[in-house]
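Thanks for coming. I will take a few minutes to walk through one structure, so please have a look at it first.

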Amino acid sequence: MGRERATALLLDFDGVLRRWDPAVAAGVEREYGLSEGVLGEIAMQWSRLQPVLTGQVRHAEWVTSVADALTESVGSPERARAAVEQWQRYRGEVDPDVLAFVRDVRAAGIRVGLGTNATDLLDSDLAALGLVGELDVVVNSSVIGVHKPAKEYFQAACEALETPPSRVLFVDDEDWAVRGARAAGLSAHRWSSPADLRYLRAALAA
C-alpha cells in the first residue's frame, strides 16, 4: 500500500533554500593567512556548534568562541575578531528556483515550513534575505531546544505545520537528516540540486 500524498512541505534552509558561496570564506582565509577551510572546521566543531543550535548560547557567543580559537593562528585577538566578523557579514543567497517552487506550492494550498538547525540569528537572516512572509512556519532548533535529526524535532515541526507526519514531505541535503525524518514517520527526499524540483512538484501535485 502506497503512502498518502503529502499535504505539507518541510524544507531545509542551508543547502536547499539558502546557498553559500565558498569563495567568501576562502577569501577571508587567504587575507588573514589561514589554512583553507579552517573557519568552517572550527565553527562546525560539534562541541562548539551544538549549544548554539539548541539555544544554550547565542550566535554572538558562538562567533566569539570561533575568534578565540583562531587567535593563535592570526597573531592577535583583534585580528581574529576582524577575520571572523568579515566572514560572518556574508549571510548567503536565496536559491531563486527553490523560492519559486515554495511560492507555487503555497499557491496550490500546501503549507510550507522551514525546518532548520539554526542560531538565534535566523529571523534576522530571513529578513535580510527577503524571506519574511514566504513560509507558513519556521521551525528553528535554537528556539525549540532540539535539533535535527532527533525525532522530537520532527514531531515539533509537524505540530507547527498542523499536519501528521505521514502527510509531510521533508527535503534536506544531508543524509542523516533525511534518515531522521523517515524514522519519525515523514516522507523525505535527499536534495541534490534544483533538478530535483520536477520530482518534488510531482510528489506534491503542485
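First, the ground rules. This is a predicted model, in which local features need pLDDT of at least 70 and side-chain atom pairs count only at pLDDT 80 or more, while totals for chains, interfaces and linings use all residues. Residues are numbered from 1 along each chain as its sequence is written, and side-chain values use heavy atoms, with hydrogens and water left out. Helices (H or I, at least four residues) and strands (E, at least two) are DSSP runs, numbered from the N terminus.

Start with helix α6, residues 96-107. At 1.5 Å a residue, its 12 residues should span 16 Å, and the end C-alpha atoms are 16 Å apart, which agrees. The expected span here is 1.5 Å times one less than the number of residues.

Which residues of α6 are buried? They are Val98, Leu99, Phe101, Val102 and Val105. Buried means under 20% relative accessible area, with a 1.4 Å probe and protein chains only. These residues cover an arc of only 155° around the axis, which puts them on the same side of α6. The arc is taken from the directions from the helix axis to the C-beta atoms. Among the elements covering them are β1, β3 (93-94), β4 and α11 (197-204); contact means heavy atoms within 4.5 Å.

Now the two ends of α6. At its start, a side-chain oxygen of Asp95 comes to within 2.9 Å of the backbone nitrogen of Asp97. After the helix comes Gly109, with a positive phi near 90°.

Next is helix α9, residues 151-161, where Tyr153, Phe154, Ala157, Cys158 and Leu161 are buried. Seen down the axis of α9, its buried residues fall within an arc of 130°, so they line one face of the helix. They pack against β1 (8-11), β4 (111-116), β5 (137-140), α8 (141-144), β6 (168-172) and α10 (175-183). Just after α9, Glu162 has a positive phi of about 55°.

That leaves the strands. Two strands pair if DSSP finds at least two bridges between them. β4 and β5 pair in the parallel sense over four bridges, and Gly115 stands opposite Val139 in β5. β6 and β7 (residues 187-190) also pair in the parallel sense over four bridges, and Asp172 has Arg190 in β7 as its bridge partner.

What links the strands in each case? β4, helix α7 (residues 122-128) and β5 make a right-handed β-α-β unit, and β6, α10 and β7 make a right-handed β-α-β unit too. Right-handed means that, with the strands pointing away from the viewer, the path from the first strand over the helix to the second runs clockwise.

Technical notes: Buried means under 20% relative accessible area, exposed over 50%, partly exposed in between (1.4 Å probe, protein chains only). A polar contact is a pair of N or O atoms within 3.5 Å; within protein, one must be able to donate a hydrogen and the other to accept it, and residues adjacent in sequence count only if both atoms are side-chain atoms.
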